[in-house]
Amino acid sequence: MGSPWKPFLLLSVISGLSDFARAVAARPISYAAVLRMKADRSSSVLSPRSIPRQHSSGGLATPDWPAFSSHPLSALSLLSSQEDYRSEESEEFGPVFIQEPDDAIFPLDSDEKKVVMHCEARGNPPPTYSWYINGTEVDSDADYRYSFIDGNLIIANASEITDFGKYQCKAVNSFGTVLSRDALLQFAYLRAFSPKTRGGVSVREGQGVVLICTPPPHSPEIIYSWVFNEFPSFVAEDSRRFISQDTGNLYISKVQPSDVGSYICLVKNTVTNAKVLSPPTPLTLKTDGVMGEYEPKIEVHFPTSVLAAKGVIVRLECFALGNPVPTITWRKINGNIPKKARLRKSQAVLEIPNIQLEDSGTYECKAENPRGGTAFKGHLQVYTLPQWVRMINDTQMDSGEKLQWECKATGRPRPTYRWLRNGLPLTPQVPIFTIVNGELTVHKVQQTDSGMYQCVAENKYGAIYSNAELKILASAPVFVPNPVRVIATLGKDVSLECKPRASPKPRITWKRGDRRIQPNKRIMLLRNNTLKIVNSSRADEGNYVCRAENQLGSAEMTAILWVKEAMRVVLSPSRVEVTVGESVVLSCKATHDTSLDVAFQWFFNQRPINFQHDGGHFEYIQTSSTVDLMIRSILLKHAGKYGCRAQTSADTVFAEAELLVRGPPGPPGVVIVEEITDTTATLSWTRGLDNHSPISTYNLQARSPFSLGWQTVKTDPDPVTGDLESAMAVELNPWVEYEFRVVASNAIGTGDPSAPSRGVRTKEAVPSVAPANVSGGNGRRHELVISWEPVSEEFQNGEGFGYIVAFRANGTRGWKEKMVTSADSTMYKYRDETFPPLTPFEVKVGVYNNKGDGPFSKVVIIHSAEGEPREAPSDVKAYSISSSEIRVTWKPPNPGPGKPRGYEVSYWKDMEQEESGKKQRTVKNETSMVLTGLEGNSVYLITVKGFNSIGQGPASAAVTAKTRKARECSSDTNHALLYMEYRLPVKFYENSVKLKCPCAHVLQVLLKQEGRGHNQVTRTINPSTMLSLPEGGTYIIEVRALSEGGEGAVSSQVRVVTSSGKLGAGFSPLTTSEIQSLCTGCVLFVAILSPALN
């Protein structure tokens, strides 16, 4: 058997360690453990313990950690949850709600005829349940409709008359009683409209009208709409028509003839979706005239005082009758309408989503038309349900101690508080206990005060509950562990603790052997019952007994004391300097009592070294009394203090050594631009760490939008020595934004750069860079085209940058200057009708900005445009090469200005206009062209003209050419036979084709072998010919006819496959193909031969 008492952690970490820390800090702490124990085995040494419980609310609730009564908790305690200690079967505790009843709406027309109100609690022993309806306990024996399943209440055949109201669940066990929050049970239904016929409404045209809905009994809210004449033709809302979701009425500000008809109010239940229609209301127009204009009258508006719960959507209605139709506007008095607000239904509804406290205020709607205006004001007030700021927690106390519980909540209106004990109201009983707002104080708790307590915070809109259990402890003293062994260091103080578990608190006495210890200057009894021995010696070794006694019993604890020699630790070397990249060994040696084991631990700047994480740099080697720390490949970050701690069961000794690391300098401090000119910047900075090696030089770097990263700049002085903290960057470009940084160097290397300075722009200056690559030429006649490469923004030196284009005819004295104001321009064109083509000009291009004119480029010679061709091509000739083609040749015009870059040939048929003809251009400067697609036996007129990038030159004189004549074939039919002869038997396959073609003089037969470049061409005037196939392979045969009209189209290909000069064995008949020959009135018969099949 173990100890007769069993500890359990009382805290469930539900809102984080930071919340817990704040809570603990709020109360004085006197003891070191928080334990839950059975009432008959508790200890008086334990002060009040607090345990968070599940809390309930009627609305919104947030968990919070109140100020704890006492006891700091260890990290282990915090990681244990309330569930852990209550999972023990032997742990007994009062009821704690797991599920409380929620508000519910039950449709009366539901197929499920039962209402279930849920309630569940845990506790040990398990709780029993009862229910209350509107404060009256439910008696399931008296009313068969009520039944219980576990903690749930089942209502059969629920009725709105008997079952509507607030429900509350009560859970009870031997440790106390708790009440749940209230839950409202409502019933959803929608009755039918009264069938009574509704009277008609008759108004004048232009008059306003209100059609009354008068909805039937319903619960909960309903949605209104109106049907015009017949379902489903709904009334569309606009600036003239409005349906109020508050009254359900239809408002028409100005009636028109199109409004005449029958109107039906349709309502829809938001829970059941049931819909019902009212009897129709006829709307007619009076015949006694038209209503004149009148000022607006607000017929529907929000209440003068609107209450809304925080977080909901608020909709304020405002609509007016009037002629003309009024315009609705909104404003908030003494404030602005929230930005999240939206205007709906032609501004008749102001909708504010997620309403907050700051949205409260007075709102005004105003209706206006040309006849006047009217306004309405109402106050919107936002309320909030109570929310917990501080709650009560389970607490265990010794009898006679003081209990102080405080609960605190926020809400609007401000919540009030009441207290319950075991489900009954708790009233103050001065001086035994007092209640002040949310604070309950019991000055001396007794066993009868045990039970379940509830703090209720409530306002007119809801209530929330915070539950806690109070246990009063009682147990005889118990010591764990027992005995206790203590090892002290010779000459040092030692403390022997006596901390029994007991309740009430016991009386403590100490003795050594049979003699009671009497306190003196060297042996003292502290208030916490600890025995302290000052300057311990060997004579103090022995057994010490602590006795604890209360009215429930007594117990003793023995402390065995040994006194050992003090330990000494030497750490060497105590101070060492190294350079980055080197290694060093620190040795730690301990001298101690050989009967005790020693353990070592290394620290870096007071923090333990993690050898697994930093194993790449740190390694240790330990013998019995010595441990060495090796630091490899040292970095700057390894500089600092290294500590060695040696520990035995008697004492602990700590020694430190300092490691200095030399390395490249650290980054300099903030770089400040002290002064800026057009080409210089004076910089200052603060020294960074020299890392134990003096700084020798500084390097100044700059970055601009035009540089590739950071670039070193020239300085004054040069170099910048390590004793300086200011220098000037020189030879900067004017009107460029720069950032600067500084890099320090020493004998070991170059360090990291400083942080960049703020961006600064150098001052403006006259441009110093002229445009490059000035050139030109081309253009139209009488144009001088000048081009250049633009100057980069980096070298424009200021605002208002542009170009000065200067030019003069070669041999003249005065310069003409033209301003080009765009910094991105790359060209300027000058036109003058007086100068001839290819006139040479001297040209230079300069720059300027707001500060003045800059340099010009070098003078270059540029010629004016040569212009379009001046002369027509000569010696133009044209002749027919077929019935559809004419070849045209010519000679280029004489050399001179306007050299052609190509030629355009125009051609048209005789007896037609030139404009109706066609044109073709040469690809380059060619002097011949073949015109195709022409009609046979036709005369064509042809001209040729040159062109270049400027334009076209004059056309040549027209020449004529006639295409060859093409005659139609006769209807006579001849036959031609093409065959291939072999030594093997053959078969003939014929295909007769009638060909319509020009008169043929000769047939051309082409024989080619696949894979060979050589072709065999045979021409014959005979209707047949013999072809020789000299070797095996695949042959292709094509036939075309030749005549005065030219070559005819080629026939389809005939493929023949042979092997060693013979047709291949088992070769199938080849597919016949049509051969289109150019013969006069002939039909060509083609036969493809293959070996006879056996």
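**Notebook: disulfides in the predicted model**

I started with C588 and C644: at -80 degrees about the S-S bond, their link is left-handed. C588 sits in strand β52 (residues 584-591) and C644 in strand β57 (residues 640-647), so this pair ties together parts 56 residues apart in sequence. I took strands as DSSP runs (E, at least two residues), numbered from the N terminus. The sulfur atoms of C588 and C644 are 1.9 Å apart. My criterion for a disulfide is a pair of cysteine sulfur atoms within 2.5 Å. By this rule I count six disulfides. Both C588 and C644 are buried (under 20% relative accessible area, with a 1.4 Å probe and protein chains only).

Notes on the model: it is predicted, so I kept local features at pLDDT of at least 70 and side-chain atom pairs at pLDDT 80 or more, while totals for chains, interfaces and linings use all residues. Residues are numbered from 1 along each chain as its sequence is written, and side-chain values use heavy atoms, without hydrogens and water.

Next I looked up C318 and C365. Their sulfur atoms lie 1.9 Å apart. The torsion about the S-S bond is about 60 degrees, so this disulfide is right-handed. C318 is in strand β25 (residues 314-323) and C365 in strand β29 (residues 361-369), so parts 47 residues apart in sequence are tied together. C318 is buried at 0% relative accessibility. C365 is buried too, also at 0%.

Then I checked C498 and C546. The S to S distance is 1.8 Å. The link is left-handed, with -55 degrees about the S-S bond. C498 is in the loop between β42 (494-496) and β43 (501-503), and C546 is in strand β48 (residues 542-550), 48 residues apart. I found C498 and C546 both buried.

Conventions
Helix = DSSP H or I, 4+ residues; strand = E, 2+ residues; numbered from the N terminus. Buried < 20%, exposed > 50% of the residue type's maximum accessible area, 1.4 Å probe, protein only.
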